[in-house]
Each structure stands twice: as structure tokens, then as C-alpha cells.
Amino acid sequence: MVTFLGVLISLPCFILFLYLFTFVHKFWWVPMRITHVMSSQGIRGPPYSFIYGNAKDISNMMKKSTSSPMDMSHYIFPRVQPHLDSWLHVYGKNILYWQGPQPQLVVKEPRLLKEIMSIREISMGRQDMGTISNKVFGGGLVFSQGDKWAKQRKLATHAFNGERLKNIVPAMVESVDMMLKRWKDAGTKEKDVYEEFKTLTSEVISRIVFGSSYEEGKQIFQKQGVLIPLAAKQLSKTRIPGYKMIFKDKDDLEIDKLLAGIRDTITNMIRIRENTIVSGDDSNSMTDYLGILLNSYHDVDENYKLSIQDIVDECRTFYIAGHGTISLLLSWATLLLGFHTEWQETAREEVREVFGNQNPSSEGIARLKKMGMIINETLRLYPPTLSTIRKVLKETRVGDLVLLANINLHISRLALQQDMGIWGEDAHLFKPERFSEGIANVINKHPGAFLPFGYGPRICVGSNFAIDEAKIALSMILQRYRFTVSPNYVHAPIQLITLCPKYGVQLMFQPL
Ligand code: HEM
């Protein structure tokens, strides 16, 4: 009897002890140990605060730096990532900080970076995502791992490169043409190009991913448009661990509703597509990305077979990855050309030389060298994706540095791309001529200092697609309009997962 009672009492005690032990281990012991090991290698950073790490400091610094607009300067690093700017000044080139109990090692030495990213145990490691990121991005190529990643990567590489890309050019031209017709019909001088480019890039990716079903694809975009800022808001909230498993606020419920809506629309599209294939109504239905994915759904080889959920995740991933980034690139590029009108003229002359008054062709796009320089300089000063984060999968030595397993390696593009030590005194100025000898020339001098599309096996699968679309849109605009920045434009870049203009980009257009 005594023994039985003893067990009854000691079992909850044991569970409580285990819980406390795990809690203290995760939130105190591991951070202390990692801080010690890294500081013994000369890596320092802001002190770890119990449970929250430096998350509250980051949130406060960001609120402060973005509370009002900034002067018209391209030196946006201190505003957009104020915590990194401040800590890199205080603690040196490579620093350790904490997102809750998760260590983040910021590496700002280009030489070290390239070496680190060449190591497979690092370049393949995706960071653990929180519940929100998991819901919004989970499952698709951007966050998948191992065999699933290899399978998805192969399909995406096939869909977005080489010959297939050439065939996509007419669809891009048609979509830009539609946008320009809308501009002409509206007849207004001032336009918020950020809004215009969001519509344009939605249109393009809808056609490429969903082909004939792109009208339905647009509904998904509308929902994604609401979803991303909501997810960014939730990500910036500092919460007690485990809170989300118990409580859901209004925004969490809205996110769930939007995700369910997106899933239903895509599942429905797949069903309709399956029916048309079976009835033989649509011979082209397997040539868009949805068609390629559906082919894999029917693949007899288990190594290549995708489930319906895989297809839904992949379609959503390409919507997110392939639309927001290009609209940002175009918005920042036109803003820069609106300010630096001498470069606008240079680009226009080049477009006239290559295309005259004709629509862009895939062969001509490759000859737009000056425009390529303008695009690179835009990506350097205003990189749409601000950071690359990799989880170190197993303890690895790089030079003198031992990187512990499970540390997140954080590469901040702005920290590297706006650094005067790397780019010279004029690092904060818009000077496309620095790319006149090609990217390789820049990269050779400072390997790892300019990686707008990432590096290694997980490099962006849509980079050629993005550059082609940007060149086509810019060429067609330059053929028809001269533009300047509107007096209503307010310079306020902010991090909303990607680098966004908080109040849009208002430009004044003059028909040619
Ligand atoms: C200006 C436009 C774009 C920029 C700046 C950009 C940037 C990037 C970067 C930096 C990465 C690597 C992320 C990392 O290493 O963690 C990446 C990956 C990726 N991008 Fe892009 N991207 C752009 C356009 C696109 C487009 C148009 C698509 C699709 C059509 C796309 C699809 C992807 C995918 C699927 C990945 C994940 C690849 C993998 O993990 O294997 N991106 N992108």
C-alpha cells in the first residue's frame, strides 16, 4: 500500500522534475554553454536574457527605427536591421545573438561566408520554423529537406530554366502589355508602382503556374496578399513559449481561415484539371507548372511521386517566392531610376538599340547589359530577401572556427552589401557602373559579398525567371514613359519578411 501511494505521489513529481529539467536545460543551460564556447573563439554578442533571448530588444529597436520615415538615402541598413547594425559595431564582424533560446551566428566576413556555404551540412540546413512560418511556408521547396527537397528541386529546375524560360517570355510580355494598357486608359500621371507591380507579377506567376486556370489562381493571390502581412505581424510578436499551442488570437484565426481557403481553391483546381485530362479536353493542360506537378502525382516511381498536399504546398510556395520578390525588385528599380534620371536615359537608349519599338524577345533580353547593371545595383541596395538563415546540421570546423550543431547561421545581405569596407566610400550611392565588369569581378574580389539569389545547392531556382521578367517590364515601360519620383513618395523601407516600401512607391509618368 505504502509502495503504491509512493508511486502515485512520485510519478507526478517525476514528470514535474522532468519538465523543469528540460525547461532549464533549454532556456538556461544550452544558451550558457553555447555563449561560453563561442566566446572562447572570440565571438561575442548581446547577453542572453532568460526565455526571450534578445527578441524584445530587437522588437523595440525595430519599432523605434521605423517609427517615422527616413531621408532619401540608400543607406537603409541601420533602419531596417537596427539590431544587427548596432551589435556589429559593438561586438565585431561575427556576432552571436538570441531569438528566444535559438542562437543566431551572424557572419559578416565574405571570405568565411563562401567557405561556410560550400559545406553541405550547413548550406542544406533549413532553420526550424515557428508555427506561423510552418503554416505559411511549410512543405514547399523553400523549406523542405533531404529526399523531398531533391525531388521538388528537380521539378522546379526543369520548370523554370533553359528552353522553358524562353517559352515563358511571350506570356510575360502579354501581362506587361495589359498593365500598360490599364495605365493608358486610366490617363493619370501619378501611379503607385508597388501596387501596379504586385498585380503584374501575380498575373505572370498565375499564368506560369496555373496556365489556363490562372483566373482561379488570382483568388489565391488575393488571399496571399492578406496572409503575408498578417504572418509578418504574428512573427514579430514576442510570446511565452507554448502560448500558441493553447491560445489563438484574432489574427491566428484569420490566418487559419485564409490558409484553408487557399488549400480549397488549389485542390479544386487540381480536381478540375484531372477531369479535363481524363476526358481529353485540354491537351495543353500538362505544360504549366501545375501540369508538371500533376505528372509527378501520377508517377509510378515512388522516388518522384508527389501527393496532393505536396502539390498544394508547392503551388503556394511558388506564389510566395515568385511574385513578391519580383514586384519589390521592380518597385525599387523604378524608384532608383526615377531619382537617377541620367541612368533612366541610359537604359532607355539601350532598350531602343536592342528592341526599337518592338516588344522584347528572349534573344534581346540577354543583350541588355546596362539594364543588367541597374538590376544588380538595385539588388545590392534594396535586396528583396534580406537574410539567408541556415541551421548547422552537425558540428563543423571552418578555418579556426568551430560551428556548433543547431546554431543558426545568419547572413544579412544589407550588412554585406552596404559595407564601405567592402564596396568603398561610395557604398551607399546608386552607381550601377560598379557592375560594368560583371558580377564575377565583384565576387572575385569579395567572395560572398553579393549574393542576392543565395549561394550553393539552395540558390534561388527562379533567378533567371526574375531577371527576365524585370528586364521585360522595365524595357516596355521605358519604351513608353519618362518618369520621376512623385512629391507624395515617402521613403520608409521596412522588413515585412521581405524588404517593402511601407507607403508604396509613387512615381509621375510622362508619355513619350
Ligand atoms: C528578385 C527576385 C528574387 C530574389 C531576390 C530571390 C531570392 C532568393 C534567395 C536569396 C533564395 C535563397 C534563400 C536561402 O538561401 O535561404 C531564394 C530561393 C528560392 N527562390 Fe528565389 N528569389 C527571387 C525570385 C524567385 C522567383 C521568381 C521564384 C520562382 C519562380 C523563386 C523561387 C525560389 C525558390 C523555390 C527558392 C528555394 C530554393 C531551394 O531551397 O532549393 N524565387 N530566392
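Me: Ile-51: buried or exposed?
Reply: Buried, at 18% relative accessibility. Buried means under 20% relative accessible area, exposed over 50%, partly exposed in between (1.4 Å probe, protein chains only). This is a predicted model: local features need pLDDT of at least 70, side-chain atom pairs count only at pLDDT 80 or more, and totals for chains, interfaces and linings use all residues. Residues are numbered from 1 along each chain as its sequence is written, and side-chain values use heavy atoms, without hydrogens and water.

Me: Where does Ile-51 lie?
Reply: In the loop between helix H1 (2–39) and helix H2 (55–65). Helices (H or I, at least four residues) and strands (E, at least two) are DSSP runs, numbered from the N terminus.

Me: And what's its phi?
Reply: Positive, about 70°, although Ile-51 is not a glycine.

Me: What about Ile-497, then?
Reply: Phi of Ile-497 is near 70°, positive in a residue other than glycine. Ile-497 sits in the loop between strand S9 (493–496) and strand S10 (498–501). Ile-497 is partly exposed, with a relative accessible area of 31%.

Me: New topic. Why is strand S1 largely enclosed?
Reply: Because five of the six residues of S1 (residues 94–99) are buried.

Me: How many bridges join S1 to S2?
Reply: Six, and S1 and S2 (residues 102–107) run antiparallel. Two strands pair if DSSP finds at least two bridges between them. Ile-95 stands opposite Val-106 in S2.

Me: Which residue takes a positive phi in that hairpin?
Reply: Gly-100, near 60°. The hairpin has two residues between the strands.
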